Amino acid sequence: MKASLLGSRRLLSFVLIGAFLWSLLNVNWAQDLVHPGGWEALGQIVLALFQTQLSPDILSAGVQASWTTVAYAVAGMTLAIAIGLPLGVIASGVLTRARWLQRLNVGAARFVLAFFRSIHELVWAWLFVTAVGLSPIAAVLALGIPYGGILGRIYAELLQDVPEGPLSALRSAGASEWRAFWYGRIPMALPDMVSYTFYRFECGIRSAAILSFVGLGGLGYQIQISLADLNYSRMWTFVLFLILLVFLVGGWSGLVRRRLMA
């Protein structure tokens, strides 16, 4: 078993090294690899960080854009949990002991989850913008569907990784699989599920900002306008708003997790 595992790792290492060397051989080294004016533009962007615009109008626009971004992230994560939780429970295969039913449910649920998460949220955004226009619904669906697929897969693995000892004790006391699930499996998996959900919420805020680049409003939209105007100092203001949002969600996540673990 160990020899097979080592062989697989060596094979994977050779494949990755081969892919890296192949990419180097396909680089046209005769051309300039870096844009001649790129360093000057990079210097302007870095210097603009120390000239961040803090006028009332820009700060007001930043607050409004932050609110839009958070609203998209909250609505998208709500939809993602509504999709991921039931599908994750089914994909874990912990609610039934019948092998054929377990394989059927797990296979179907994991296929749906893989389909949802295999398409990036930006691609979902383009599809829904084409279907329903520049509507908040497009942003919520584009965020909720792929994140639901990701949450469902992680929830399934966390539910499967619960220690069997306490569950066996519940079954020995006469508890059904449903009771063992509600009173044993869920309480043990809940802190990790909540922690990962908050982590995805942080990612959701960043993704909501990225979705704004397709014209759905929010911090990404303001950053895009600032870049189009070459106004890097204003761009940094909105970037700092985004960093602040992620920092606040991270602190909130840690607080909730500590209370659950207490």
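1. Start with Arg153 and Glu157: in this predicted model, their side chains meet in a salt bridge with an N to O distance of 3.3 Å. The two are four residues apart in helix H6 (residues 136-160), so about one helical turn separates them. Both ends get some solvent: Arg153 is partly exposed, at a relative accessible area of 37%, and Glu157 is partly exposed too, at 29%.

2. That pair belongs to a set of five salt bridges in the structure. Another one joins the side chains of Glu164 and Arg185, at 3.7 Å from N to O. Here the partners sit on separate helices, Glu164 in H7 and Arg185 in H8, so the contact ties together parts that are 21 residues apart in sequence. As for cover, Glu164 counts as partly exposed with 39% relative accessibility, whereas Arg185 is buried at 5%. Arg185 falls under the 20% cut-off for buried.

3. One more bridge to look at is Asp229 with Arg234, where the side chains meet at 2.9 Å, N to O. Asp229 is partly exposed, with a relative accessible area of 48%. Arg234 counts as buried at 18%, so it falls under the 20% cut-off. Back with the Glu164 and Arg185 pair, salt bridges that share partners join Glu164, Arg171, Glu177 and Arg185 into one network.

4. Now the largest pocket, which holds about 150 Å³ of space. Its lining is made up of Gly93, Val94, Thr96, Arg97, Arg99, Gln102, Gln160, Glu164, Arg171, Glu177 and Arg185.

5. Helices H2 (38-48) and H10 (232-261) each give two or more residues to the patch. Which helix gives the most? That is H2, with four residues. Leu42 is a handy example to click on: this leucine lies in H2 and is partly exposed, with a relative accessible area of 42%.

6. Last, a backbone point about Leu230. This residue has a positive phi of about 55° although it is not a glycine. For context, most residues other than glycine have a negative phi. Where does Leu230 sit? It is found in the loop between helix H9 (219-228) and H10. Is its side buried or exposed? Leu230 counts as exposed, with 59% relative accessibility, so it is over the 50% cut-off.

Note on methods
Residues are numbered from 1 along each chain as its sequence is written. This is a predicted model: local features need pLDDT of at least 70, side-chain atom pairs count only at pLDDT 80 or more; totals for chains, interfaces and linings use all residues. Side-chain values use heavy atoms; hydrogens and water are left out. On a 1 Å grid over the protein atoms alone, a cavity is a set of points where a 1.4 Å probe fits but cannot get out, and a pocket is an open set with protein on both sides within 12 Å along at least five of seven lines; lining residues have an atom within 4 Å of a point. Grid points are joined across faces, edges and corners, and a volume is the space filled by probe spheres set on the points. Buried means under 20% relative accessible area, exposed over 50%, partly exposed in between (1.4 Å probe, protein chains only). A salt bridge is a side-chain nitrogen of Lys or Arg within 4 Å of a carboxyl oxygen of Asp or Glu.
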